[in-house]
Protein chains: 2
Amino acid sequence: MTAETADQDNVGRDHIERCILRAAEQVFSQYGYRGASLQAIADKAGLPKANILYYMGSKQALYVRLLNRMMSRWNAVLEDITPESDPGRVLSEFIRTKIVLGQRYPEGSKLFAAEILAGAPFLNKYLSGELRDWVASRAAVIRQWSNQGKMDDLDPHLLIFLIWSATQHYAEYSAQVTGILGKEALDEADLESICQFLEQVILKGCGVPRPDASPATPR
Amino acid sequence: MTAETADQDNVGRDHIERCILRAAEQVFSQYGYRGASLQAIADKAGLPKANILYYMGSKQALYVRLLNRMMSRWNAVLEDITPESDPGRVLSEFIRTKIVLGQRYPEGSKLFAAEILAGAPFLNKYLSGELRDWVASRAAVIRQWSNQGKMDDLDPHLLIFLIWSATQHYAEYSAQVTGILGKEALDEADLESICQFLEQVILKGCGVPRPDASPATPR
DNA sequence: CATTGTTTTGACCGATCGGTCAATATCATT
DNA sequence: AATGATATTGACCGATCGGTCAAAACAATG
């Protein structure tokens, strides 16, 4: 019914797979794993249902592949955090990056959210394993910032949760946000306002001096 | 398979309905509207499937009834906000109330979240109608607080979104939070820490003086 | 052209979906 | 005990679910 079909038969497997993944991400993110149907994915991809299974093997394999792809997209975030970093710059970049990722991959963000809502049946190992270690290492650095007096003494885990929730909100709750603000969608100016708002409130709330965007205000 | 059956045949319709609503809230919150099945709800309620339909009419009627119940639970929040109120007290109570509601009705919170994720097919009128007005009236008061110098000059809508997202996170993302913190569930002490953290960061971030819990520290 | 390997796809499978219905069971009133 | 209203529930309906399969279409090599 929708566009984005897998026409142009001269293209290779990669293109067809990307087409399927894109359609599947839309359907899974909207209806969750159980609520999504292969038929709906096939229709959106413009392919017969049997073709989806030929390329992806099974509904579950397709789903976990999408989950892994989304996790890898988030991997680059907060990579360059060190005890010597400037908390203002790092947290500010953290906020902006998460907002941008949420806008770039809205379906992927919702897919992840639906998975968590369902109790994370496919991700609980990841959450209590890799992601837990990831958070622990970042939390340790934030703890050092507090000890160095660079910011207030706060629970780093809760700070990370705060930034996660505040930023992901605009991807996962876009239906609510646009409904309340009375907009069709968020434009660039809206996103810039959101980023500045979150930076101002969260950095100030943590006792972090705002990163000086113009270190000497040349001329 | 699970407990919470509708035994005790001497009880009336009300008890059976509550039993069905409770079971349905669990199933819908976990799998979303499309992913949930009446059979699963019936099993969890300990009733035959036909009985669910006898009491609730249809899957959709049952679902919207649950949605409306959850919306009414949130209605009491931020009712007593006035331009003369103390922002610190009001925002602090707002945060605590939302956290408590999320803990009291975790399934209802997830139900709402799943509905928004799906694009709010049953709630878009409510979101752009009643809720929008609700937000607008509260935003107007917050705006007055800013003008009176009681707090920083911030977009009130974004402030409301921030508190919503930060608090609901602990209800809807409980699977992620517990997985990362390595806990089975959040206890009272955890919740108190979360409330204090959010109050401190958000109030400070808004330039709001913290409400003085002990106005004279009598003895 | 013949042959081999890869894609494509309609047809089909048992299971489950939401929903209907009629037969039965229970209950209150006479 | 008889009667009418209300609850209960197994059986069933057409539709759809995830998945299988074999026949057909296609591509590449000899």
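Guide: Chain A superposes on chain B through a rotation of 180° with 0.0 Å of shift along its axis, at an RMSD of 0.0 Å.

Visitor: What relation is that?

Guide: That is the relation of a two-fold axis. The model is predicted: local features need pLDDT of at least 70, side-chain atom pairs count only at pLDDT 80 or more, and totals for chains, interfaces and linings use all residues. Residues are numbered from 1 along each chain as its sequence is written, while chains are lettered from A and ligands numbered from 1 in the order in which they are written.

Visitor: How many residues does the contact take from chain A and chain B?

Guide: Chain A contributes 45 residues and chain B contributes 45 residues, where contact means that the C-beta atoms of two residues, placed from the backbone, lie within 7 Å.

Visitor: And which helix of chain A gives the most to that side?

Guide: That is α8(A), with eight residues. Helices are DSSP runs of H or I with at least four residues, numbered from the N terminus.

Visitor: How do the residues of that side divide?

Guide: The side of chain A that touches chain B has 25 nonpolar, 14 polar and six charged residues. Here Ala, Val, Leu, Ile, Met, Phe, Trp, Tyr, Cys and Pro count as nonpolar, Asp, Glu, Lys and Arg as charged, and the others, Gly among them, as polar.

Visitor: Through which surface do the copies meet?

Guide: They meet through the same surface, because 100% of the interface residues of chain A are also interface residues in chain B.

Visitor: What about the domains of chain A?

Guide: An automatic or database domain assignment gives domain 1 (13–66) and domain 2 (75–205). Their C-alpha centres lie 28 Å apart. The contact takes eight residues from domain 1 of chain A and seven from domain 2 of chain A. On the domain 1 side, α1(A) gives the most, with six residues.

Definitions and conventions: Helix = DSSP H or I, 4+ residues; strand = E, 2+ residues; numbered from the N terminus. Least-squares fit on C-alpha atoms with pLDDT ≥ 70 in both.
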